[in-house]
Amino acid sequence: MLGVVIVFIAMAGAIAGGKPLQAVEGKGSGAGMAVINENVTAQGTANEGDPATVPFKIIDAKDAGYSIDKVTKVSFKLTWEDTAAKGRLGFGRWYTNTPDELTLTVKPPMEGMEPNTDTGANAQGGSGEVTITFTAEQGIYWDVRELDWTVSIDANCGDEEPKGIGVMPSVADTSTDWNMEITYSFEVPEGSAAGK
Ligand SMILES: [Ca+2]
Ligand SMILES: [Ca+2]
């Protein structure tokens, strides 16, 4: 089964009730500019067959004294760890937890840019990772201060299966806890980063 978690990421301006803006692309030489990297994190649980919505926002770096109208890269790193197998159950049979498969889809707000999606599975009993990155072409800046990014996570969880031969029931695995780190890069005039 598939479970869907929808994550809305909004810049602070959208939370304040501002009218959504179109992304603005400007040209810059990069000369005299310094790159700043900021990140925010989110956590949640993807449940099979139980869609959920998780809102959060990227911290507006203007709080730190910057304008972030010159974004050049945004990266979404999704990680998770499958729950431990229950081990030995009744009947003396050992179980292993087969891997969970998560699909990350990100719809960017920039005009003309298509959603990107990728799927990954954790190693058995271990962790999994999927990363999607949007990078502006050379000399292009994105003004995404008041625009919404839409992130969805689909979970297809592998159940716990008995080891060995013979017919034994599997144990359902229906969820996965996940973490996400969103990193965005933007440029500021050199010197304005001093004191950070
Ligand atoms: Ca599993
Ligand atoms: Ca799981």
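**Close-up 1. Contacts of Leu104 in the predicted model.** Leu104 touches Phe76, Leu78, Thr117, Asp118, Val130, Ile132 and Ile153, leaving aside residues up to four places away in sequence. Two residues are in contact if their C-beta atoms, placed from the backbone, lie within 7 Å. Because this is a predicted model, local features need pLDDT of at least 70 and side-chain atom pairs count only at pLDDT 80 or more, while totals for chains, interfaces and linings use all residues. Residues are numbered from 1 along each chain as its sequence is written, and chains are lettered from A and ligands numbered from 1 in the order in which they are written.

**Close-up 2. The largest nonpolar core.** A nonpolar core is a set of buried Ala, Val, Leu, Ile, Met, Phe, Trp, Tyr and Cys residues joined through C-beta atoms within 7 Å; buried means 20 or more other C-beta atoms within 10 Å of a residue's own, exposed 12 or fewer, partly exposed in between. This core has 25 residues, of which Val71, Phe76, Leu78, Leu102, Leu104, Ile153 and Trp178 touch the most other members. At least two residues each come from strands 5 (71–81), 8 (101–107), 11 (140–143), 12 (148–156) and 14 (175–189). Strands (E, at least two residues) are DSSP runs, numbered from the N terminus.

**Close-up 3. Thr135 in strand 10.** Strand 10 spans residues 127–135. Thr135 counts as exposed because it has 11 C-beta neighbours inside 10 Å. Its C-alpha atom is separated by 6.0 Å from that of Thr72, 63 residues apart along the chain.

**Close-up 4. Gly164 in the loop between strand 13 (160–162) and strand 14.** With 7 C-beta neighbours inside 10 Å, Gly164 is exposed.

Methods
Helix = DSSP H or I, 4+ residues; strand = E, 2+ residues; numbered from the N terminus.
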